[in-house]
Amino acid sequence: MPTNKTFDQINVGDSAEIVRECSSNDLLVFAHASGNHNPIHLPDTDWTGDGIVDKPVAPAMWVGCLASAVLGNILPGPGTVYRSQSFRFLEGAAVGDQLHVKVTAKEKHPDKTIVFDLTVTRGDGVRLVEGVAEVRAPSETIEFDASNIPALLVQRHRHFNKMIELAKSLPALPTAVAAPDDPNSLDGALMAAREGLIHPILIGAKDRIEAAARELGEDISAYELIDIEDEMEAAGRAVALVHEGKVKAVMKGHLHTDHLLHHVVKRDGGLRTKRRISHVFAMDIPGRKTPVLISDAAINITPDLNTKVDITQNAIDAALSIGLETPRVGILSAIETVNPAIPSSLDAAVLSKMAERGQITGAIVDGPLAMDNAIDVQAARTKGITSLVAGHAEVLIVPNLEAGNMLAKELTFIAHAEAAGLVIGAKVPVMLTSRADDGRARLASCALAMLYMHWQTTGSPAGILDREAN
């Protein structure tokens, strides 16, 4: 555990240093804590008004206050009390800069105060800050373990941002959009078209689609619109366009999932393949190092073991397509031990063994795992679970549709996650979202579909996700 240095243990000339990388999250947290909302310090902001997102500059006081991390944690350390502080700011810092923060004891006074010189230097050697701090040093030894401080959640959806940027580098998908006759569903399709992700063909009631466009203030005259009043018939026409070679993807609009899936899974004229069709939710959860994929939460109600094999492989393929190398798959149950009275725990154990034997490929699979020890390292340690997956799961295979649907919606509405939905195992990607989802969720689903199709075609992802990013 970190231990301080008392006043008597410190000599003039003693020094301590930390290295800190400036991140976008640092700027957002400082903006909230300080109340300083100057746009030049905020990421993803066009503060010059020229239509281009500007690179933010770190607030000078944020750079300067890094000195308190050295004084409060290392030298003197726990128990230190500030008396005075002065700064001289020489240059600015930006996101990604490595900052070297150093304090050096300059003077010791009889009242137990110590004066420190402090500097903040960028990784390239440029000095950014000079200053002097006077602190009252502790007189007793104090040990403190800071690992129990609660984590800070910053609501940012950087994973989907990266997925969308990767998708923009790929050819746009000709996409049949079934019944986009409300503002949410139409906005998602048009947003994806503007971003260059899809070439949409709108299929549904013309009067309702045009009314939705007017409500959005959008001109849809450039897009093909097939006027079909009945939702079920619109879904059938969307699937038929795949067989006619006019589209390479299908997108759900404002219609019941059952109506679309009826035509996707039907034996004659549907989009079946040899593998069982299943649905994958990709969740961008603030604070998680990678997206979390959940399956199946929309199609297979009470899957048997054979169906779960395909569900698991489909979800692994989706994870590989978005750049997760050797994804970690947790097979969920109510408990983390095998109990014959709980069938899902038996299925989980079998799926894990099948992965070991190469019957499920591309990932590390473990189960049964309860939700807590699947995603939380401390929970896994508390229960004595040693596993490459426990505490680090990136793909969650749920026991049944009800569990998956509730989990996905809890993450969306309680944990502020963004969700993208995709049907895997069909002849073409089928973007399947909730009718309540906004345009952003539909845009992310288009990006997921494009990355999945690219992976299927080329055998490699369009980019790799960094598991170590903060």
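Predicted model: local features only at pLDDT ≥ 70, side-chain atom pairs only at ≥ 80, totals over all residues.
**View 1. Helix H7 packs against helix H8**. Two packed helices are described by the angle between their axes and the distance between the axes. For H7 (residues 231–243) and H8, the angle is about 35° and the axes are 9 Å apart. H7 passes H8 in a right-handed crossing. On the H7 side, the contact has Glu231, Met232, Ala235, Gly236 and Val239. They meet His259, Leu260, His262, His263 and Val264 of H8. By class, this contact holds 5 nonpolar, 4 polar and 1 charged residues.

**View 2. Eleven strands form an open sheet with mixed pairing**. Strands of a sheet pair through backbone hydrogen bonds, either parallel or antiparallel. The order here is S8-S7-S6-S9-S16-S15-S10-S11-S14-S12-S13. Strands S8 (224–227) and S13 (364–369) are the edges, and each pairs on one side only.

**View 3. Strands S10 and S11 pair in the antiparallel sense**. They are joined over 3 bridges. Ala282 has Leu293 in S11 as its bridge partner. S11 covers residues 292–295.

**View 4. The second largest pocket holds about 370 Å³ of space**. Its lining has 21 residues, and the closest to the centre are Thr257, Asn405, Lys409, Thr433 and Ser434. Helix H8 (257–265), strand S10 (278–284) and helix H13 (401–413) each supply at least two lining residues. H13 gives the largest share, 6 residues. By class, the lining has 9 nonpolar, 7 polar and 5 charged residues.

Definitions and conventions:
Residues numbered from 1 in each chain as written. Heavy atoms only, no water. 1 Å grid on protein atoms, 1.4 Å probe; cavity = no way out; pocket = protein on both sides within 12 Å on 5 of 7 lines; lining within 4 Å. Points joined across faces, edges and corners; volume = space filled by probe spheres on them. Helix = DSSP H or I, 4+ residues; strand = E, 2+ residues; numbered from the N terminus. Nonpolar A, V, L, I, M, F, W, Y, C, P; charged D, E, K, R; others polar. Axes fitted to C-alpha atoms, helices over the stretch in contact; angles between N-to-C directions. Left-handed = near helix turned anticlockwise from the far one by under 90°. Contact = heavy atoms within 4.5 Å. Pairing = 2+ DSSP bridges.
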